[in-house]
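Here are my notes for you, written as numbered points. Keep the viewer open while you read and find each residue as it comes up.

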Amino acid sequence: MEKHNFSIGQKLKLVTDTSVEVGVIVWIWEDEQYGFPDAYVALFGKSFPENQPTKKPGIFRYALSSLRPYEET
């Protein structure tokens with residue numbers, strides 16, 4: 001299994017060809033079927049809420065290799 005530098009609760013960003021979304025890692029596990037680490041991620045959209053979210057975030061499954069650490073600007 002490949003090594004990763006992510007941890008549960010870490011802020012991240014998901015970059016696609018058409019958008020960037022921010023989120024938080026909810027759970028990480030080593031997927032033995034595919035041979036790489038996977039994660040459940042709570043996505044909030046284009047930015048993090050300043051306080052309690054007004055809507056529930058979407059929870060999605062991603063390969064950790066498709067995620068990037070979030071950097072405060």
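**Notes on the fold**

1. Let's start with A42, which is buried, at a relative accessible area of 6%. "Buried" here means under 20% relative accessible area, "exposed" means over 50%, and "partly exposed" is in between, with a 1.4 Å probe and protein chains only. You'll find A42 in strand 3. Strands (E, at least two residues) and helices (H or I, at least four) are DSSP runs, numbered from the N terminus.

2. A quick word on what you're looking at: this is a predicted model, where local features need pLDDT of at least 70 and side-chain atom pairs count only at pLDDT 80 or more, while totals for chains, interfaces and linings use all residues. Residues are numbered from 1 along each chain as its sequence is written, and side-chain values use heavy atoms, with hydrogens and water left out.

3. Who are the neighbours of A42? Setting aside residues up to four places away in sequence, A42 touches V22, G23, V24, V26, P57, G58 and I59. A contact means heavy atoms within 4.5 Å.

4. Now zoom out. The protein chain has five strands and zero helices, so the pattern along the sequence reads β-β-β-β-β, with strands taken as DSSP runs. The C-alpha atoms fill a box of roughly 35 × 25 × 20 Å along the principal axes. A compact globule of 73 residues would have a radius of gyration near 11 Å, and the 12 Å of this chain agrees with that. That radius is taken over C-alpha atoms, and the globule rule is 2.2 Å times the number of residues to the power 0.38.

5. Some totals for the chain: buried residues make up 27% of the 73 residues. The accessible surface comes to about 5500 Å², and 50% of it belongs to carbon and sulfur atoms. Those areas come from the Shrake-Rupley method with a 1.4 Å probe, and for residues only the protein chains shown count as cover. Among contacts between residues at least 6 apart in sequence, 43% join residues at least 24 apart.

6. Which residues form the largest nonpolar core? There are ten: F6, L12, L14, I25, I28, A39, V41, L43, L64 and L67. A nonpolar core is a set of buried Ala, Val, Leu, Ile, Met, Phe, Trp, Tyr and Cys residues joined through side-chain atoms within 4.5 Å. Strand 1 (11–15), strand 2 and strand 3 are the elements that give two or more residues to this core, and strand 3 gives the most, with three. In soluble globular proteins, nonpolar side chains tend to be buried together.

7. Click on A39, one of the core residues. Not counting residues up to four places away in sequence, A39 touches I25, W27, I28, W29, F60, R61, Y62 and L64.

8. How many salt bridges are there? The count comes to two, where a salt bridge is a side-chain nitrogen of Lys or Arg within 4 Å of a carboxyl oxygen of Asp or Glu. In one of them, the side chains of R61 and D31 meet at 2.5 Å, N to O. R61 lies in strand 4 (residues 58–63) and D31 in strand 2 (residues 20–31), so this pair ties together parts that are 30 residues apart in sequence.

9. D38 and R61 also meet through their side chains in a salt bridge, at 2.6 Å, N to O. This pair links distant parts of the chain, with D38 in strand 3 (residues 36–45) and R61 in strand 4, 23 residues apart. Through shared partners, D31, D38 and R61 join into one network.

10. Are these three residues buried or exposed? D31 is buried at 6% relative accessibility, and D38 is buried at 3%. R61, at 42%, counts as partly exposed. Leaving aside neighbours within four places in sequence, D38 is in contact with W27, I28, W29, D31, R61, Y62, A63 and L64.

11. Finish with Q10, in the segment before strand 1. The side chain of Q10 reaches the backbone nitrogen of S7 at 3.0 Å. Apart from neighbours within four places in sequence, Q10 is in contact with N5, G23, V24, I25 and P69.

How values were computed: A polar contact is a pair of N or O atoms within 3.5 Å; within protein, one must be able to donate a hydrogen and the other to accept it, and residues adjacent in sequence count only if both atoms are side-chain atoms.
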